[in-house]
Amino acid sequence: MTTITPFLRNVLIADAATSAAAGLLLIGGADLLSGLLGLPSGLLFWSGVALIPFVATLVLVARASTIPAGVIPAIIAINFAWIAGSLFVAFGPLFAPTIIGKVFVCVQVAAVFLFAELQVMDLRRVNATA
């Protein structure tokens with residue numbers, strides 16, 4: 001079992017809040033954002049929908065005092081998978097986002113990377129003291 005530290009709890013809550021805001025923006029604004037970002041509205045909408053279970057998981061984990069050992073590594077892996085997928089959308093061959101679209105994707109990649117790195121840091125610190 002892994003104990004949720006106050007630092008990790010705060011990181012998880014911030015990750016959940018940011019992901020929820022992004023999800024709502026993508027779901028509610030998919031049609032409006034599509035032209036601005038140069039990305040299909042369906043991709044934006046379903047990306048927002050995909051964030052809903054992730055946000056719910058983050059909230060549940062943040063509220064717990066202990067969790068199974070693999071949960072935080074799984075959250076970190078999901079964050080890095082999101083980063084990889086986002087970079088593929090921005091720079092891969094399937095889509096042609098506008099410059100604003102690429103900046104939008106890169107900003108959210110940076111935010112997700114920050115949360116993942118903070119989660120990794122806490123996991124290492126907890127493991128080092130155990």
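This is a predicted model: local features need pLDDT of at least 70, side-chain atom pairs count only at pLDDT 80 or more; totals for chains, interfaces and linings use all residues.
Residues are numbered from 1 along each chain as its sequence is written, and side-chain values use heavy atoms, with hydrogens and water left out.

**The pocket**

- A pocket here is an open set of points on a 1 Å grid over the protein atoms alone, where a 1.4 Å probe fits, with protein on both sides within 12 Å along at least five of seven lines; lining residues have an atom within 4 Å of a point.
- The largest pocket holds about 530 Å³ of space, a volume being the space filled by probe spheres set on the points, which are joined across faces, edges and corners.
- Its lining is made of 25 residues, and L26, L51, W82, S86 and Q108 are the ones nearest the centre.
- With 7 residues, α4 gives the most to that lining.
- Sorted by type, the lining has 18 nonpolar residues, 7 polar ones and no charged ones (nonpolar covers Ala, Val, Leu, Ile, Met, Phe, Trp, Tyr, Cys and Pro; charged covers Asp, Glu, Lys and Arg; the others, Gly among them, are polar).

**The overall layout**

- The protein chain has 4 helices and 2 strands; both are DSSP runs numbered from the N terminus, helices being H or I with at least four residues and strands E with at least two.
- Follow the sequence along and you get the pattern β-α-α-β-α-α.
- The C-alpha trace spans about 50 × 25 × 20 Å along its principal axes.

**α1 with α4**

- These two helices pack at an angle of about 165°, and their axes are 11 Å apart (axes are lines fitted to C-alpha atoms, for helices over the stretch in contact, and angles run from 0 to 180 degrees between N-to-C directions).
- That angle makes α1 roughly antiparallel to α4, a label for angles over 145 degrees.
- Their crossing is left-handed, meaning the near helix is turned anticlockwise from the far one by less than a right angle.
- Residues of α1 including F7, L8, V11 and L12 meet residues of α4 including I100, G101 and F104, where contact means heavy atoms within 4.5 Å.
- This contact divides into 13 nonpolar, 3 polar and 3 charged residues.

**α1 with α2**

- The axes of α1 and α2 come within 8 Å and cross at roughly 165°.
- That makes α1 roughly antiparallel to α2 as well.
- The crossing of α1 and α2 is left-handed.
- In the contact of α1 with α2 you'll find 21 nonpolar, 6 polar and 3 charged residues.

**α2 with α3**

- Here the axes come within 12 Å, crossing at roughly 165°.
- So α2 and α3 are roughly antiparallel to each other.
- The crossing of α2 and α3 is left-handed.
- On the α2 side, L43, S47, L51, F54, L58 and V61 meet V71, I72, I75, I78, N79, W82 and V89 in α3.
- The residues of this contact are 11 nonpolar and 2 polar, with no charged ones.

Note on methods:
Angles under 35 degrees count as roughly parallel, over 145 as roughly antiparallel, 65 to 115 as roughly perpendicular and the rest as oblique.
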